[in-house]
Amino acid sequence: MRALVIGGVLAGLFMLAALVSFVWVPHDVEALDIANRLKAPGDGYVLGTDHFGRDVLSMVMVGARVSIAVALVAVGIGMGLGVPLGLAAAAARGSLLDEAIMRGNDLVFAFPSLLIAILITAVFGPSALNAIIAIGIFNVPVFARVTRGAALSLWTREFILAARTAGKGRARISAEHILPNVANLLIVQGTIQFSLGILAEAGLSYVGLGAQPPTPSWGRMLAEAQTMISFAPHLALVPGLSIVMTVLGLNLMGDGLRDILDPRIRRVRA
Amino acid sequence: MLRYAFRRLISFALALVVASLVVFFSLEVVPGDPAAYMMGLNARPEAVEALRAELGLDRAPAQRYVAWIGGMLQGDFGTSYTYRAPVAGMIADRLWVSLPLALYALALSTLIAFPVGIWAAARRGSAADMAVIGTTQLGIAVPNFWFAMILVAVFAINLGWFSAGGFPGWENGFWGGLKALTLPAIALALPQASILARVMRSALIDTLGEDFVRTARAKGLSPGQALRRHALRNALIPVLTIIGLQFSFLLAGAIIIENVFYLPGLGRLVFQAIQQRDLIVVEGVVMLLVFAVITVTFLVDLAYAAVDPRLRRG
């Protein structure tokens, strides 16, 4: 419970910053102000300015928007495709369909999201959308596997047997009885994939495969800060710590949610 | 075991074929003609046509796919569009940086994670255990390339213990090369070690609760002996899976980390190739990495079955 609160506060802080950035930022992130370049934190610029005189706090706020949006949509893609696949595989256990879905999963697992991003970028050129697709595709087999695993054990339970005797079809049972019972697990996994997505997006935009200038993103801020780390360390510390705190917050939330939503695990731990 | 190995071998081969189809045909839809791109704007159409024929671009996609696969099986990855050099040679040069880096990081991560995980599991619930949980929780949240930048700032720029980047080449001495890869390997290894230590800890805690460990204690073994002789071996299965999975993450991570240290590895090669639209290089590198991941997964599956006969039925 404590982990959930601490994690929620940490991650919530950055989500709030991202939301606020839609209506208000301290300074315009696209306005260059060379007179105020490389200012240390404080004095009108809470977190200092970069080599173009852009306000670091404003950039981190808008960057939060990009990171969170990319990771969140990628989780949506992963769930939207992975959960139905996992439900179908479990409902048709041992059939050709099940085998095909599982082998397809293995195949996608062989492509780390970085490789998918490289392929997509080679074809379409770099953009934040590519990062979303790459991370989203990577998420699909994760959700398919979790869903199938949990659904398989549910299919052997009495209440499913009862539903079948009542004449419900496999698709209807999957939607009405299996899905609600795996939802808790999916929420926990969703939090984990959310945090992994933030890390992946940062890595992709760091190597130039994610959001493109002038949109600020945490990864690209770090790439730009790299050559200035000896005389302007705040440029590397601020976005870096933002990533760490967001990911840490989401991971703590995931742990906390698991403890609450999955009483089986809680009993083992206690 | 043989039958199981054979079945896994077939699905391994099948995965490679499908993966190669995906890689080849996803780059096939790219608009633009590499030959025209190479010859520049003022090229005569005949010259472009001749180059197309030389590169084999005038053939049907299916034919080129077969030629590409056939070539790769013989170690011929084609000719780079920009450098006019064999792709296989370019990849081999870069692989001598990326692969040692990934293996170095894997070794470090395993060497750190095993003792830490075992130590924490043996003292479950103590302050030391809590410290390990907290530290690894933080380690998982740190992006490795940012951690790498911090390492450069502290150990290269401030303390001067390492150079901030670049690679002297193995031909100029093994230790010099290893030293140049040390900071990148640490940056790659620590987040992975955090994950591995957690897996080691929880797997060991699970097996320590098993009946056979109680039996071992009942016959007079000390807690340490029971852990070493009975629990540890049984806890290794989940740990092995994670190590196998981590290898692919480390290879991909190495590609990103190379940018921090200006290392001439596969990462630099592939990002340059993307910018120059040198697609045959992109194809070669991606295929090689996918091959590595699929092979490691296959080997881990076999290792599993060798360790645990129950899994052979799977």
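Chain B contains 12 helices and zero strands. The model shown here is a predicted one. Read from the N terminus, the elements of chain B follow the order α-α-α-α-α-α-α-α-α-α-α-α. The C-alpha trace of chain B spans about 85 × 60 × 35 Å along its principal axes.

The next point is how the residues of this chain are arranged among one another. Of the 314 residues in chain B, 36% are buried. Among the contacts in chain B with a separation of 6 or more, 70% are made by residues 24 or more positions apart.

An unreviewed UniProt entry lists residues 95-298 of chain B as "domain: ABC transmembrane type-1". In the model, this span is 83% helix and 0% strand, and its end C-alpha atoms lie 21 Å apart. The feature "transmembrane region" is also placed by UniProt, in an unreviewed entry, at residues 101-122, 143-162, 174-191, 235-257 and 285-307 of chain B. Two of these spans may be examined in the model. Residues 101-122 of chain B are 100% helix and 0% strand, with end C-alpha atoms 32 Å apart. Residues 285-307 of chain B are likewise 100% helix and 0% strand, and the end C-alpha atoms of that span lie 33 Å apart.

How do two helices of the chain meet? Two packed helices are described by the angle between their axes and the distance between the axes. Helix α9 (residues 211-218) of chain B packs against helix α10 (residues 223-261) of chain B at an angle of about 135°, and their axes are 9 Å apart. Because angles over 145 degrees would count as roughly antiparallel and those from 65 to 115 as roughly perpendicular, this angle makes α9(B) oblique to α10(B). The crossing of the helices α9(B) and α10(B) is right-handed. On the side of α9(B), the contact is formed by B:Phe212, B:Val213, B:Ala216 and B:Arg217; α10(B) contributes B:Pro223, B:Ala226, B:Arg229, B:His230 and B:Ala231. By class, the residues of this contact are six nonpolar, one polar and two charged.

Finally, attention turns to the neighbouring chain. In the model, 37 residues of chain B are in contact with 31 residues of chain A. At least two residues of the side of chain B that touches chain A come from each of α1 (2-28), α6 (127-141), α7 (144-158), α10, α11 (266-275) and α12 (279-307) of chain B. That side of chain B has 32 nonpolar, five polar and no charged residues.

Terms used: Residues are numbered from 1 along each chain as its sequence is written. Chains are lettered from A and ligands numbered from 1 in the order in which they are written. This is a predicted model: local features need pLDDT of at least 70, side-chain atom pairs count only at pLDDT 80 or more; totals for chains, interfaces and linings use all residues. Axes are lines fitted to C-alpha atoms, for helices over the stretch in contact, and angles run from 0 to 180 degrees between N-to-C directions. Helices (H or I, at least four residues) and strands (E, at least two) are DSSP runs, numbered from the N terminus. Angles under 35 degrees count as roughly parallel, over 145 as roughly antiparallel, 65 to 115 as roughly perpendicular and the rest as oblique. A crossing is left-handed if the near helix is turned anticlockwise from the far one by less than a right angle, and right-handed if clockwise. Two residues are in contact if their C-beta atoms, placed from the backbone, lie within 7 Å. Ala, Val, Leu, Ile, Met, Phe, Trp, Tyr, Cys and Pro count as nonpolar, Asp, Glu, Lys and Arg as charged, and the others, Gly among them, as polar. UniProt positions are given in the numbering used here, feature names are shortened, and annotations may be inferred rather than shown by experiment. A residue is buried if 20 or more other C-beta atoms lie within 10 Å of its own, exposed if 12 or fewer, and partly exposed in between; C-beta atoms are placed from the backbone.
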